Amino acid sequence: LYSATSEISRDIFLQRLGCFGDVNLSKAGDRIGLAFSLTAPIVQLGPNQIIAIPEVARNGYNFSDGVGVMGLGVAMRCKEVLGLSKVPGAIQIRLGGVKGMLSLKPDFEHDAIGLRPSQV
């Protein structure tokens, strides 16, 4: 990576993308690539609206791989911003080095999202 200005070095840029120590090389490359992809921000979230939640795993199988949850308030804001006729039951998410899906969980915190380790 190269910066045309001295404002940010390659190392600082990579540090701002997050910690990739526990991620295999292929997945780390995908996550770094997210920083260069075009995405349109839909909903602004504060740090207190992003909650770490556990995976759903049974008998050695991960049933929630890459899928987090969103509260009804977040889904309603997505509906409004995107001009949808119905509240979405699921959306694709890219947030920093996080990617995957969020499914609607009406009993989750209204204006929050829940992210699983497999998304980070």
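View 1. The structure is a predicted model, in which local features need pLDDT of at least 70 and side-chain atom pairs count only at pLDDT 80 or more, while totals for chains, interfaces and linings use all residues. Residues are numbered from 1 along each chain as its sequence is written, and side-chain values use heavy atoms, with hydrogens and water left out. S5 and S6 run antiparallel and are joined by six bridges, where strands are DSSP runs (E, at least two residues) and helices are DSSP runs (H or I, at least four residues), numbered from the N terminus, and two strands pair if DSSP finds at least two bridges between them. The hairpin of S5 and S6 has two residues between the strands, and in this hairpin Gly-96 takes a positive phi near 60°.

**View 2. The pairing of strands S4 and S6.** Strand S4 (residues 67-70) and strand S6 (residues 98-104) run parallel, with four bridges joining them. Within this pairing view, Met-70 stands opposite Leu-104 in S6.

**View 3. The largest pocket and its lining.** The largest pocket has a volume of about 550 Å³. Of the 17 residues that line this pocket, Ala-40, Ile-42, Gln-92, Ile-93 and Arg-94 are the closest to its centre. Helix H3 (72-82) and strand S5 (90-95) are the elements that give two or more residues to the lining, and S5 gives the most, with five residues. A pocket here is an open set of points, on a 1 Å grid over the protein atoms alone, where a 1.4 Å probe fits, with protein on both sides within 12 Å along at least five of seven lines, and lining residues have an atom within 4 Å of a point. The volume is the space filled by probe spheres set on the points, which are joined across faces, edges and corners.

View 4. Leu-45 is found in the loop between helix H2 (25-34) and strand S1 (50-52). With a relative accessible area of 25%, Leu-45 is partly exposed (buried means under 20%, exposed over 50%, partly exposed in between, with a 1.4 Å probe and protein chains only). Not counting residues up to four places away in sequence, Leu-45 touches Ile-50, Val-74, Arg-77, Asp-111 and Ile-113 (contact means heavy atoms within 4.5 Å). The C-alpha atoms of Leu-45 and Ile-113, which are 68 residues apart along the chain, are separated by 8.7 Å.
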